[in-house]
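Please read the following points with the model open beside them.

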Amino acid sequence: MTKSPDTPAPCPGMGDHHNHSEEHVGQLWGRVPVPELVVTCEPCGTQHDPHGRSHHPDDESICSDSGLSGSPASSLALRKLSNASSIGLSPASSFEDCEEEFMGYGDYNQTRDGGLCPGEPITTDSWKKSKIMVNWSPSSVPVKKRSPWVQVVGHAGNFQTDSDGRLLKKYCECEQLCFLQLMSDSLRPFVPTYYGVTQRDEQDYNLMDDLLADFDSPCIMDCKMGSRTYLEEELKKARESPQPRKDMYEKMIAVDPNAPSAEERARQAVLKTRYMQWRETLSSTATLGFRIEGIKKSDGNCNTNFKRTKYKDEVVQALEDFVDNNMLILKSYQQRLKELRTVLENSDFFKAHEVVGSSLLFVHDQTGKAGIWMIDFGKTVPMTSPLTLDHRTPWVEGNREDGYLWGLDNFIDILSNMIQEN
C-alpha cells in the first residue's frame, strides 16, 4: 500500500494522498512527454439556458471538466478543441451543459514556497504543503501550426493555451494531487504529462500536455468511465441539507417530463440526492459502466447527443460512426484498452483511489494513428489506508466502488465483438 503524507488535502472527500521519494523528480524530467493537450469549444453544441436561469452556488467546479461533476454528460464544461491540436471533447449535450458540480471546491490562493525548472514534469514530492508554481518561458522547440479552435460546449474561462501549445486548466488542488502521483505511477503513459502550476492574469492553472498535438485533423471521442459519476461524499452532503431544488426539477423535466413523482410535480422541485441518482439511469453509465460524452469528427462535425444512449446496440452504432467502420482503428483501440486494463489492475494509484467522473479520450486520424488517455481527475479521491478498491464490485453505498474496470471490461467486449463480426 502507498504511504500517506502528513498534510491532508483540503478538497472535500479527499482523505489521505500519496507521497514519494525526491529522487523521482530528477528521473522524470528527462522523459519525453506524451502528445500535448489544448482546449476550447464553440460551434457544434454550445447550449444556452432558454430560461435565463442563474447558476446555483455549487453549479460549477473548476475541478472537473464537466459542468456537473460527473452527471450524465459530465465532462466538458469547456474543453476547447482545435482540428489538429486540442484536448479532447468531453462534450456535453444541452442537458449536460446545464448540469452542475456538487463538490464546490472553490478557488485556492495559497502561498508558494517552491518551484521547478521551466517545463519539467513533476511528481508528488515537489508539492508538499504548497502548490507548485512553474515559472516557464516558451519552448525553443518549433510549434506546430494550429487550426482554428472550435467550441463544443461549456463555460468559458476554465482553459487557456500558451505559446507552446500546452494546456492551462484552471487550478484544482484535487486534480493536481492526482497528477503529481500519476507522474510516478505505472499509469503515467496513459495520462497527459503534468508540469505543475502556472499563473496568468492572477489566476492559477494546472499545466499539462496537449494530447492532440501529434495528430492531423483528428477524430475525438470522450467516454465517461464508471457506474456512477457522483462521489459518496456528495450524497452525504446532500442529505445533510435536504432542500428541494427547483432548478434540478427543471433540468429533470427538460429531459423527461414524466420523471418527477406526483409529489415532486406538486412542489415543482426535487431533492439533490434524488436528482443525482436519477440522472445516472439515463445512459449506459448504469447499464454498461461507461457512456459516450461526445464525438468530434475530422471534418469538424460534433455530436453530443448521447445523453439517452443506453444500450449496447446504440453504443455500437455510435462507435461505428466514430471510426467510419475502419477495423484497423478499431483494433488499435481494442489493443490500447487491453494494455490500459492490465496496467490499471496493477497500479498502486488506481487501487487506492475512488475514480469518479474521469474520462477516456480516444483520438485517431486519417493516417491510422490512434491513442487513448485517461483525463479529468477533479473527482478522483484517495481511499483511507489500508482500504483498496477492485473497481468491479457492484457499488453499494459505503463500499466506494466506482465500476471503472467493469465498464472497461464491457467496452473491450463490445470492440471485440465488433471486430469479430467484421
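1. Helices (H or I, at least four residues) and strands (E, at least two) are DSSP runs, numbered from the N terminus. This is a predicted model, in which local features need pLDDT of at least 70 and side-chain atom pairs count only at pLDDT 80 or more, while totals for chains, interfaces and linings use all residues. Residues are numbered from 1 along each chain as its sequence is written, and side-chain values use heavy atoms, with hydrogens and water left out.

2. Lys379 sits in the loop between strand 14 (370-375) and strand 15 (380-382). Lys379 has a relative accessible area of 2% and is buried (under 20% relative accessible area, with a 1.4 Å probe and protein chains only). Its side chain comes to 2.8 Å from the backbone oxygen of Thr229.

3. The largest nonpolar core has 53 residues; such a core is a set of buried Ala, Val, Leu, Ile, Met, Phe, Trp, Tyr and Cys residues joined through side-chain atoms within 4.5 Å. Leu360 and Phe362 touch the most other members. The most residues, 9, come from helix 12 (residues 404-421). Another core, of 9 residues, lies apart from it and includes Met248 and Tyr275.

4. Leaving aside residues up to four places away in sequence, Leu360 is in contact (heavy atoms within 4.5 Å) with residues including Met221, Leu337, Trp373 and Leu408.

5. The protein has 12 helices and 15 strands. Of its 422 residues, 59% are buried. Among contacts with a separation of 6 or more, 76% join residues 24 or more positions apart.

Definitions and conventions: Buried means under 20% relative accessible area, exposed over 50%, partly exposed in between (1.4 Å probe, protein chains only). A polar contact is a pair of N or O atoms within 3.5 Å; within protein, one must be able to donate a hydrogen and the other to accept it, and residues adjacent in sequence count only if both atoms are side-chain atoms.
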